[in-house]
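User: I am new to this kind of picture and would like to learn how to read it feature by feature. Could you show me the structure and start with how strands are paired?

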Amino acid sequence: MSTSVVRDASVLARRNLEHIRQIPEKLTNVTVQPLMFVLLFSYVFGGAIRVEGGTYKEFLLGGILIQTLAFAMMQPATSIATDLQEGVIDRFRSLPTRRSAYLLGHYFAEMIGSIVTIAILCGTGLLIGWRTSASILSVAQGILLLLVFATAMIWLGLWLGIFVRSPDAVMGIGFIIVFPATFVSNAFVPPSSMPGALQWFAAVNPVSVFISAVRELFGNPLTPVTKHVWPIDHPVPAAWIYSVALVVLGVVSAQRQYKHRTTE
Amino acid sequence: MYETLVRDTDQPVPQPPVGSGGVHVTGLGKRFGDLWALRNFSITVTPGTVLGLLGHNGAGKTTAIRILTTLSQPTEGRATVAGFDVVRDAATVRQHIGVASQQATVDGLMSARLNLQTIGRLYGMPRREARERGDALLEQLDLTSFADGLVRTYSGGMRRRLDLAASLMNRPAVLFLDEPTTGLDPLSRSSLWDMLRDLVSEGTTVILTTQYLEEADQLADDIVVLDHGETVAHGTPQDLKSRIGEQRLDVHISDITQLVAAQQTLLPYADSEPIIDEAECVITVPIKPGTRIVDVVRTLDDAGIDAIDVARREATLDDVFVALTHKTQTERPNNASPQEQS
Ligand SMILES: Nc1ncnc2c1ncn2[C@@H]1O[C@H](COP(=O)(O)OP(=O)(O)OP(=O)(O)O)[C@@H](O)[C@H]1O
Ligand SMILES: [Mg+2]
């Protein structure tokens, strides 16, 4: 990646950040919303759900982190769909800027948002009683995994936005994909309480694997595995394989879709 | 007039071959499904001159501009801009051109100043130079007092002017303007014309499209008239006017039922077929050189036609336009559905 691509991407990322300065409400889904989820789930469900080997608050955080970062894919999807609908994309296309710099600019800006989200969630967690019982190195690996997962989600979001074309449709389609994927998982309740078919879904659902990996790396309680498949039995290596695969899928598909969309 | 543009060192700008700063187009065509939006378009634009592209809605003007500015791929033909091929060397072409599209392409959620700075930075300018260049253009386009306002709150004409400023950020060798003065008030329009004349006198090559024939007449050295993607005329404004007869006679009559009779009566004076405007009750006659108005009035009188007004004038591009597109419409009545012809 040449330096000019990174430089141009930073200039373009500043544009997204400027949008946030103009419409600060855009930030609610990376700030207020995750905060609300932590508080709601831990105090509303917390009393009713028993978790082996720790407290519900400790259990919850891994789930909320992955769920929020997954939902964060809607933001890049909406931004890029809006750009593509307006004339502004023609301006960038007529400049001597690489195609990849434009997409990378969106990625940089969204990544800042995801880092803020992770910080807010972990900070709130610490305040209400979430603790890690793992080594520094293991926690660091957990955070790195979250960052790679966030990267994958942003690129998949960009792909979705380019594919869908309209910012309104992004919300609809995004919810249909992300809602079931994050709720039918081990995010909020142990899958052992679900009907058999859903237990299978939760077990093979990569979202569960990511959540288990984060819990394991943070030294937080894991749910007992009821349906055995290799990834959920070995969450950390499986989560790394999944993240790398999703990053590659996202980056390649977003670039290809963008090229396809802007060739006329 | 301006200081030299400092470019990013890791992006050396290939210099075009000497004497090829203009635009060369050969047999350019673009097909959308069954429709040829542009066909057999060939033109050479000498550096430091202005080409005006004229045509009705849907004639193919924007299609031509989009291909030449690398935004769209030609179906056939070739084009070089500032010496570089628009398909093979698209990235290099982009360094040498400025584009103001028909639809404004500025970011509504940023101020005018930030819009221009972002563009300057993407051309590889250092921050300070991008800011200064942007501010100078805002001043030139009379936008300084709104420079920090959100572009979303701009009026249509202000947005258009900002788009023009954006197209000039890199001091382009070739400037493409797609209907640049649509939506501008008369004052902004004439100051834009002055600005373009300055740019051209400094060596900028300009290709502009317009619906306003006066604009092409004022600015263009060379004019191409497009109709349904085909080039129906090409020449200097003067050529085009003399090709269809230099002088016109507008004959305004009182009785609409006499229009055809009047047209027949006027034929002996006509260089080519007189054109009837029913709404206005006017017949426009391209007159033979040396025609005397008294003779025309007497002939009309003898034929019992009541002429309210007979006025001689120089042909305008409007006349060229009406004559040319009128002709192609009568020659190709089924153009809209070519399949039915075969
Ligand atoms: N992306 C596209 N897909 C399909 N058809 C298109 C596309 N772009 C343009 N066309 C068609 O090509 C023809 C020429 O369009 P173009 O935009 O070049 O016209 P124009 O001369 O710029 O018109 P106007 O004065 O209205 O701007 C029109 O019939 C238009 O419908
Ligand atoms: Mg057009």
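This is a predicted model: local features need pLDDT of at least 70, side-chain atom pairs count only at pLDDT 80 or more; totals for chains, interfaces and linings use all residues.

User: With which other strand does S1(B) pair in the antiparallel sense over 7 bridges?

Analyst: That partner is strand S2 (residues 35–45) of chain B, where B:Val45 stands opposite B:Val23. The hairpin of S1(B) and S2(B) has 2 residues between the strands, and B:Gly33 takes a positive phi near 60 degrees there. As a general idea, side chains in a regular strand alternate between the two faces of the sheet.

User: Which residues coordinate the magnesium ion (ligand 2)?

Analyst: B:Thr62, through OG1, and B:Gln102, through OE1, coordinate the ion at 1.9 to 2.1 Å. These two residues are 40 residues apart and link distant parts of the chain, with B:Thr62 in helix H1 (residues 61–68) and B:Gln102 in the loop between strand S6 (97–100) and helix H3 (112–122) of chain B. B:Gln102 counts as partly exposed because its relative accessibility is 39%.

User: Is B:Arg160 buried or exposed, and what is the nearest side chain of opposite charge?

Analyst: B:Arg160, in helix H5 (residues 156–168) of chain B, is buried without a salt bridge, and the nearest oppositely charged side chain, B:Asp163, is 5.0 Å away. A polar atom of the B:Arg160 side chain does lie 3.4 Å from the backbone oxygen of B:Pro180.

How values were computed
Residues are numbered from 1 along each chain as its sequence is written. Chains are lettered from A and ligands numbered from 1 in the order in which they are written. Side-chain values use heavy atoms; hydrogens and water are left out. Helices (H or I, at least four residues) and strands (E, at least two) are DSSP runs, numbered from the N terminus. Buried means under 20% relative accessible area, exposed over 50%, partly exposed in between (1.4 Å probe, protein chains only). Lys and Arg count as positive and Asp and Glu as negative; His and the chain ends are not counted. A salt bridge is a side-chain nitrogen of Lys or Arg within 4 Å of a carboxyl oxygen of Asp or Glu. A polar contact is a pair of N or O atoms within 3.5 Å; within protein, one must be able to donate a hydrogen and the other to accept it, and residues adjacent in sequence count only if both atoms are side-chain atoms. Donors are N, O and S atoms within 2.8 Å of the metal (3.2 Å for Na, K and Ca); water is not among the atoms, so sites may look incomplete. Two strands pair if DSSP finds at least two bridges between them.
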